[in-house]
Amino acid sequence: MPRKRRDKPDPNFDTRSPGKKRAVPLEENGGEKVPIVTHEKFTKGMLVEVCSDEDGFLGAWFAATIVEAVGNDKFLIEYQSLRTEDNSAFLREEIDTLHIRPNPPETAFEHFSLLQEVDALYNDGWWVGVISKVLSGSRYIVYFRSTYEEIEFQQSELRLHQDWIGGKWVMPSRALKTNH
């Protein structure tokens, strides 16, 4: 897993396909294709999660707070756990709305199952993984496809994975069905 990030990410890289440029969503407007405006309502002080396209951070979501709007689809955010290089303050960045989502809803879960997709709290962010082994004492081994690593976690460090699609939280299996 990566170290804490210090530099601004390149907003043109696609988090789902490393090395590929992100396609700006387009819609028809009188025969002309124009960018789709996002409709998320992010407000000052709102708790959110922010992703990065930076190498080593692909697919991870970090807790942050909206500081202020700095344009139509851009916000100044302050991370809740990532700090500046000199460790004097929490890191602040300007982030576009394609890289911001609301905090996912809390889901009560008694036990995770083998091969279940989860988010694991590691190195200050939430990383998508799969339960590869269920251990005793509410412990699990999680496999991370992006790094080919397996790491042990307590249940309290895991949450059910959900995707933010079209302004709604969707379970991954349902997300696949809505995209086809």
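User: Before we start, what does contact mean here?
Analyst: Contact means heavy atoms within 4.5 Å. Keep in mind that this is a predicted model.

User: OK, then what is Ile-100 in contact with, leaving aside its neighbours within four places in sequence?
Analyst: Ile-100 is in contact with Phe-42, Val-48, Glu-49, Val-50, Trp-61, Ile-66, Phe-75, Ile-77 and Ile-95, once those neighbours are left out.

User: Which residues have the most contacts inside the largest nonpolar core?
Analyst: Those are Val-50, Ile-77, Tyr-79, Ile-100 and Leu-158, in a core of 26 residues. Strands supplying at least two residues each include β3 (47-51), β4 (61-71) and β6 (90-96). The largest share, four residues, comes from β5.

User: And the overall fold, how many helices and strands?
Analyst: The protein chain has one helix and 14 strands. Of its 180 residues, 36% count as buried.

User: Switching to charges: how many salt bridges are there?
Analyst: The count comes to six. Among them, Arg-159 and Asp-119 meet at 3.0 Å, N to O. Arg-159 lies in strand β12 and Asp-119 in strand β8, so this pair ties together parts that are 40 residues apart in sequence.

User: Are Arg-159 and Asp-119 buried or exposed?
Analyst: Both Arg-159 and Asp-119 are buried. They also belong to a network of salt bridges that links them with Glu-49 and Arg-101.

User: What about Arg-145, what does it pair with?
Analyst: Arg-145 forms a salt bridge with Glu-117, with the closest N and O atoms 3.7 Å apart. Arg-145 sits in the loop between β10 and β11, while Glu-117 is in strand β8, 28 residues apart.

User: New topic: where is Gln-162?
Analyst: Gln-162 is in the loop between β12 (158-160) and β13 (163-165). At 6% relative accessibility, it counts as buried. Its side chain reaches the backbone oxygen of Pro-105 at 3.4 Å. Gln-162 is also in contact with residues including Arg-101, Asp-119 and Trp-169.

User: Last one: which residues make the nonpolar surface patch of about 310 Å²?
Analyst: That patch is made by Leu-114, Leu-115 and Val-134. Leu-114 is in the loop between β7 (100-102) and β8 (117-122), and Leu-114 is exposed, with a relative accessible area of 51%.

Terms used: Residues are numbered from 1 along each chain as its sequence is written. This is a predicted model: local features need pLDDT of at least 70, side-chain atom pairs count only at pLDDT 80 or more; totals for chains, interfaces and linings use all residues. Side-chain values use heavy atoms; hydrogens and water are left out. Patches are made of residues with over 30% relative accessible area and no salt bridge: like charges are joined within 9 Å, nonpolar side chains (Val, Leu, Ile, Met, Phe, Trp, Tyr) within 5 Å. Accessible areas come from the Shrake-Rupley method with a 1.4 Å probe; for residues, only the protein chains shown count as cover. A salt bridge is a side-chain nitrogen of Lys or Arg within 4 Å of a carboxyl oxygen of Asp or Glu. Buried means under 20% relative accessible area, exposed over 50%, partly exposed in between (1.4 Å probe, protein chains only). A polar contact is a pair of N or O atoms within 3.5 Å; within protein, one must be able to donate a hydrogen and the other to accept it, and residues adjacent in sequence count only if both atoms are side-chain atoms. A nonpolar core is a set of buried Ala, Val, Leu, Ile, Met, Phe, Trp, Tyr and Cys residues joined through side-chain atoms within 4.5 Å.
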